[in-house]
Amino acid sequence: MSRDHGPRRPRRLGRGTLLAASAAVLSMTASGCVTVHGERVVLPAATKAEAARALKDFTTAYNKANAANDRSLDAGRVAGPLADIDGAKLRAGEKNRPEGNPDYVPLELSDAEYTIPKKAGWPRWFVADARGNKGGDVRWVLVFTRGGADEVWEVSYLTLLSPGDVPEFEKDEDGWAEPVTADQADLAVAPRDLSEEYADYLQDGGDAFADGTHTSQWRATRQKNAKRPGLVRQYVDEPLTSGEYAPLGLRTADGGALVFFATRHFEKQTAAKGVSLTVSDANVKALMTGEPKQSLTLQWVSNQAVLDPAKSAGEQGVEFLSRVQGLTGAKGE
C-alpha cells in the first residue's frame, strides 16, 4: 500500500450525504495554456452539439454495460476513477449474475446543462449536469475528457449533486467557462494538491477542509471503528494525481472553483486469535483474492467534487459537495 506521490505541491441531500447514492487534465502551466502538438490557440473544448452527442453516447454504452454486467460494453466511454469504480462493479456483477441484470432500470438523463471551458491544446474537457431518473431530483454531474481530435469523449468523473449545489460558473460574453490551472495560486488549495491534502487530512486532520460528512465526521467514524473487540481496522489513504486521475476545475462566479479530484483508500481488518472473519457481501466475495483467514484488506477508489474558495474570501476550508466511492478490490490473508 505505497503512496502514489504525483506532483506535490471531503449539505442538503445534500451537501455531504451523497457518498454512495448509489482531465482536460490540469497538467497546465501557470499561464493556463497547454502546448500539445504545437497548438496554442484558445478554443472551446467542444460545441454544445458535440457535448450533447457525447452525453447520449455515454448513456447508451453505460446502460448496455450495466444491463449485461459486461464492462467491455462501456470501456471506451469511461476513464480514470469512473473506469475503476464502474469496472469493478461490473466485474463483480459478471461473477454473481453472469446472465446479466434483468432488473436493471436504464439511466435516463434530461434537462442537461453543459459547461464548456475555452482552452488551448489537448487534452480537452467539459462538464455536463443533468437530471436523472434515479436518486430523486439530484443532478448527475459528468466530466468528459478527450485526448485528441480522433478520440471519443470519455467520462472520468461522475458525481451527484442536489440542484441547489451546482455552483454558478464564471463565463465570458459568449458563454464559455474559465478553467483553473493545476497550480492556481489564488485558491485556498491548488487543485494539484487537493488529493494529497485530503489523504493527509484523513490520516492526521488539519484545517484544509471544512467540517462535514466526508471530512471531520468520516475521520471520527474511522477512529471509533479502529479498535473493536476482536477486530482491528487500519486505514491507508493514497492520492491519485496523474494522467486520467489528474484534478480539473472550473472557475465559479464568486472567484473560487469547482474542482474534481480522486483518491484511493484501503481498510485492513485483522481478527484477533480465535476470531473468524465473516465476509457476507457478494460483491466483496466476487472481487476477493486469497482467503481471509486472519485479515481482509478492502480497496476503494473515490472521486470528489469540492468548492475550493478563493484566498481572498478569507480563512475558509475546502467544502465537499459530493463524494462517490466504489469498491475496487479485496484481499484475504
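Predicted model: local features only at pLDDT ≥ 70, side-chain atom pairs only at ≥ 80, totals over all residues.
**Entry 1: the main core**

I started with the nonpolar cores. The largest one has 24 residues. Phe58, Phe126, Leu142 and Phe144 have the most contacts inside it. At least two residues each come from α1 (48-68), β4 (124-132), β5 (139-146) and β6 (154-161). The biggest contribution is from α1, with five residues.

Next I listed the partners of Phe144, skipping neighbours within four places in sequence.

**Entry 2: helix α1**

I checked the length of α1. The helix has 21 residues and runs 31 Å from its first C-alpha to its last. That is close to the 30 Å expected at 1.5 Å a residue.

Which residues of α1 are buried? I found Ala51, Ala54, Leu55, Phe58, Thr59, Ala61, Tyr62, Asn63, Ala65 and Asn66. These buried residues pack against α2 (80-96), β2 (109-115), β4, β5 and β6.

**Entry 3: α3 against α4**

I turned to helix α3 (residues 194-204) and helix α4 (residues 216-225). Their axes come within 9 Å and cross at roughly 45 degrees. The pair is therefore oblique. The crossing is right-handed. On the α3 side, the contact uses Tyr198, Tyr201, Leu202, Gln203 and Asp204. On the α4 side, Ser216, Trp218, Arg219 and Arg222 take part.

**Entry 4: backbone exceptions**

Most residues other than glycine have a negative phi, and most peptide bonds are trans.

Where is the cis peptide bond? It joins Trp122 and Pro123, with omega about 0 degrees. Pro123 sits in the loop between β3 (118-120) and β4.

Asn69 is not a glycine, yet its phi is positive, about 55 degrees. This residue follows α1 and lies in the loop between α1 and α2. Is Asn69 buried or exposed? It counts as buried, because its relative accessibility is 8%, below the 20% cut-off.

Asp111 also has a positive phi of about 55 degrees and is not a glycine. I found Asp111 in strand β2. It counts as exposed, because its relative accessibility is 51% and the cut-off is over 50%.

Terms used: Residues numbered from 1 in each chain as written. Heavy atoms only, no water. Core = buried A, V, L, I, M, F, W, Y, C linked by side-chain atoms within 4.5 Å. Buried < 20%, exposed > 50% of the residue type's maximum accessible area, 1.4 Å probe, protein only. Helix = DSSP H or I, 4+ residues; strand = E, 2+ residues; numbered from the N terminus. Contact = heavy atoms within 4.5 Å. Expected span 1.5 Å × (residues − 1). Axes fitted to C-alpha atoms, helices over the stretch in contact; angles between N-to-C directions. Parallel < 35°, antiparallel > 145°, perpendicular 65-115°, else oblique. Left-handed = near helix turned anticlockwise from the far one by under 90°.
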